[in-house]
Amino acid sequence: METIISSPKESSGQKKETGAVQKALSHAGRKELADILRVQQCIIRATHEFMFRKNLVQVMPLLLSPITDPLNHGVIDAAVAYAGQRWSLTKSMIFHKQLALTNPMLEAIYIVSPNVRLELDDRRETGRHLFEFTQVDFEFRDKDMDFVMEFMEELVRFIFVRLNVEMSEELQKLRGSVLPVPGKFRRYRTETLEELYGDQYEMKKSKESIEPFWLINHAREFYDREEPLVPGTYRNYDIIWPDGFGEGLSGAEREYDYEQILKRMKETGTDEKVFAHYLEVVKAGLLPRSAGAGFGVERMTRYVCGLKDVDDATVFSRKPWTAPVF
Ligand code: ASN
């Protein structure tokens with residue numbers, strides 16, 4: 001994938017079409033925005049409280065690192081040159097979550113982090129993508145997918161109950177009602193839904209559902225654990241918001257075995273050289289067994305408020321493949 005490394009000369013961007021400032025100000029000036037942001041703030045407050053109660057330690061985010069999530073799906077890799085090194089802008093905190101857990105005194109952590117994903121033109125009008133967003137990412141040492149999935153269901157209920165109590169007026173205005181609080185989420189496998197609905201299975205199932213559900217088994221990045229008993233299937237899971245809002249969280253049990261990681265890197269076309277230092281940790285047997293997940297804050301806000309586009313949850317538009325002035 002194309003890489004952009006910044007240099008002052010390249011940063012043009014000063015001449016914009018007329019009306020660009022007005023456009024930015026009217027996005028930031030929408031009358032419903034304050035209510036949306038209050039709801040989003042409540043999501044974050046409830047999340048911090050839940051994490052604290054469950055004993056997860058908060059780690060601060062990083063925006064620059066020699067390694068970041070490869071996300072083999074066609075985003076432009078943004079990087080800067082500094083101190084003789086190439087620093088990628090964070091696409092997710094996945095590797096830093098795993099590496100933080102090498103500290104034996106840390107068992108469970110979470111990070112609220114900005115993720116930069118320079119999506120291409122094809123994701124401009126999905127209503128679900130931003131080229132920069134905030135993720136609540138968490139990871140547990142020695143836990144499995146069932147544990148993480150139950151944890152997340154409890155977190156969703158905790159947040160929704162809190163929203164219904166503290167934000168009922170805002171929710172009434174934005175979505176016309178308080179939130180339905182989901183019970184246990186149903187679990188579906190990708191291959192089952194694909195057979196039933198064809199290749200648009202995720203969105204079709206989301207549209208006909210009235211409660212969030214789990215979608216299990218996605219072929220994707222090397223760090224998601226392959227099912228040892230059924231190679232070619234994966235111990236990973238996404239939450240799909242209902243009513244057509246689509247994916248809202250992704251997570252997995254993690255690979256930790258050196259040979260297996262090398263195999264998965266080859267299969268996913270990941271450059272081993274970039275991950276030399278990470279692989280050194282893995283080879284030494286120091287990468288802990290873990291499982292975790294992360295949810296997009298603006299996507300949760302979108303679902304909760306019933307917004308047409310995830311960009312409606314931003315003050316400063318970050319719609320893919322656009323160049324806002326602020
Ligand atoms: N948060 C995801 C996970 O924990 C990684 C990602 O955002 N790509 O698996």
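**A chat about the structure**

Author: With a relative accessible area of 16%, Gly244 counts as buried (buried means under 20% relative accessible area, exposed over 50%, partly exposed in between, with a 1.4 Å probe and protein chains only).

Reader: What kind of model is this, and how are residues numbered?
Author: This is a predicted model, where local features need pLDDT of at least 70 and side-chain atom pairs count only at pLDDT 80 or more, while totals for chains, interfaces and linings use all residues. Numbering runs from 1 along each chain as its sequence is written, and side-chain values use heavy atoms, with hydrogens and water left out.

Reader: Ok, back to Gly244. Where is it, and what does it touch?
Author: Gly244 sits in the loop between strand S10 (236–241) and strand S11 (246–253). Helices (H or I, at least four residues) and strands (E, at least two) are DSSP runs, numbered from the N terminus. Not counting residues up to four places away in sequence, Gly244 touches Met203, Ser206 and Lys207; contact means heavy atoms within 4.5 Å.

Reader: And how far is Gly244 from Leu89?
Author: Their C-alpha atoms are separated by 30 Å, and Gly244 and Leu89 are 155 residues apart along the chain.

Reader: Switching topic: how many salt bridges are there?
Author: A search of the whole structure finds 33. A salt bridge here is a side-chain nitrogen of Lys or Arg within 4 Å of a carboxyl oxygen of Asp or Glu.

Reader: Why would side chains pair like that?
Author: Side chains of opposite charge can pair when their charged atoms come close.

Reader: Give me one. Which residue does Asp137 pair with?
Author: Asp137 forms a salt bridge with Lys97, and the closest N and O atoms are 2.7 Å apart. The pair links distant parts of the chain, since Asp137 is in strand S7 (residues 132–141) and Lys97 is in helix H3, 40 residues apart.

Reader: Are those two buried or exposed?
Author: Asp137 is buried because its relative accessibility is 3%. Lys97 is buried too, with a relative accessible area of 1%.

Reader: Which residues are linked with them in a network?
Author: Lys97 and Asp137 belong to a network of salt bridges that also has Glu139, Arg220, Asp224, Asp238 and Arg254 in it.

Reader: What about Lys91, what does it pair with?
Author: Lys91 forms a salt bridge with Asp77, with the closest N and O atoms 3.8 Å apart. This pair also links distant parts of the chain: Lys91 is in the loop between strand S5 (85–89) and helix H3 (94–100), and Asp77 is in strand S4 (residues 77–82), 14 residues apart. Both Lys91 and Asp77 are buried.

Reader: And Arg123?
Author: Arg123 forms a salt bridge with Glu119, the closest N and O atoms being 3.2 Å apart. Arg123 is partly exposed at 23% relative accessible area, whereas Glu119 is buried at 5%.

Reader: Helices next. At what angle do H5 and H10 cross?
Author: The axes of helix H5 (residues 168–175) and helix H10 (residues 297–305) come within 9 Å and cross at roughly 75 degrees. So H5 is roughly perpendicular to H10.

Reader: How are the axes and angle classes defined?
Author: Axes are lines fitted to C-alpha atoms, for helices over the stretch in contact, and angles run from 0 to 180 degrees between N-to-C directions. Under 35 degrees counts as roughly parallel, over 145 as roughly antiparallel, 65 to 115 as roughly perpendicular and the rest as oblique.

Reader: Which residues meet there?
Author: Leu171, Leu174 and Arg175 in H5 meet Tyr303, Val304 and Cys305 in H10.

Reader: Last one: where is Thr270, and what is it in contact with?
Author: Thr270 is in the loop between helix H8 (258–268) and helix H9 (276–283). Leaving aside neighbours within four places in sequence, Thr270 is in contact with Pro70, Asn72, Phe222, Met265 and Phe275. At 9% relative accessibility, Thr270 is buried.
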